[in-house]
Amino acid sequence: MRAVRRGWASRRPWRRGWRGWRRRGRRRAASRHVGGDGEAKCRRIREFSMMIVTGLFQVPEYAEALAYAAVQRGAITQSEAEQRVEFVLARQRLFERKNPPLIHLVMDETCLARPIGGRPVMVKQLDRIADLASRPNITVQVAPFSLGEHLPFALPVTLLDLPDGSVVGYAESHARGYLERVRETVRAWERQYDQLVVEALPKAASLALVHKARKELAP
């Protein structure tokens, strides 16, 4: 795994994406926007994540735990697992830019409750979320369990505000990911995201929930 961390920066893994090795042709358009240089050029990134923390916020150990669990299940190969981790790390290069995009993340509470990689990894992951939430260009909110059936999205969704002023959507299921360009559909996603922002916990309460989850894991 250490070799993965050493080698990711010299490649362009964002072109592959999470499942690019399965459907490279289908994902080619999406990979120009989601991940690495394409994503970093966006003016704003709005994400909704559920079940697991978005790759943009994952610490390496968290990403490794997810990827290599898939290897153990026989779902992917060792090489594909390395590509997944590389892609996660490549996405995070946008944080190093002089003028990074505005980022608004709404996490379902399941992201905080599901233990990935064991206690030490989750502690580090929750610390990472709290650290990123303190940055002036990043807003983090939590969609609590109490939203129940009123959660507007059933899958993780990303909205990207491009430099030309247009907005595209990206969604990913278990089988594939796709880029949504149809204006009416994207506008509907934006309305749903705006409603989610209103119904999710405010920033302070969300961060308090992250700290609470972190405290419960402390030895």
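Reader: How many salt bridges does the structure hold?

Author: The model is predicted, and side-chain atom pairs count only at pLDDT 80 or more. A pair needs a side-chain nitrogen of Lys or Arg within 4 Å of a carboxyl oxygen of Asp or Glu. The number of salt bridges in the structure is 10.

Reader: Which residue forms a salt bridge with Glu190, and how far apart are the closest N and O atoms?

Author: The partner of Glu190 is Arg46. Their closest N and O atoms are apart by 2.8 Å.

Reader: How far apart in sequence are the parts that Glu190 and Arg46 tie together?

Author: Glu190 sits in helix α8, residues 183–199. Arg46 sits in strand β1, residues 44–49. The pair therefore links parts of the chain whose separation in sequence is 144 residues.

Reader: Are Glu190 and Arg46 buried or exposed?

Author: A residue is buried at under 20% relative accessible area. Glu190 falls in that class, and Arg46 does too. Both residues are buried.

Reader: Which residues do salt bridges with shared partners join into one network?

Author: Glu190 and Arg46 are already known as a pair. They belong to a network held by shared partners. Its members are Arg44, Arg46, Asp161 and Glu190.

Reader: Now the helices. Are α4 and α5 roughly parallel or roughly antiparallel?

Author: The axes of α4 (residues 60–72) and α5 (residues 78–91) come within 9 Å. They cross at roughly 155 degrees. Angles over 145 count as roughly antiparallel. The two helices are therefore roughly antiparallel.

Reader: How many residues of the contact of α4 with α5 are nonpolar?

Author: From α4 come residues including Ala63, Ala67 and Val71. They meet a set in α5 that includes Ala81, Val85 and Leu89. One contact residue is polar and three are charged. The nonpolar count is 10.

Conventions:
Residues numbered from 1 in each chain as written. Predicted model: local features only at pLDDT ≥ 70, side-chain atom pairs only at ≥ 80, totals over all residues. Heavy atoms only, no water. Helix = DSSP H or I, 4+ residues; strand = E, 2+ residues; numbered from the N terminus. Buried < 20%, exposed > 50% of the residue type's maximum accessible area, 1.4 Å probe, protein only. Axes fitted to C-alpha atoms, helices over the stretch in contact; angles between N-to-C directions. Parallel < 35°, antiparallel > 145°, perpendicular 65-115°, else oblique. Contact = heavy atoms within 4.5 Å. Nonpolar A, V, L, I, M, F, W, Y, C, P; charged D, E, K, R; others polar.
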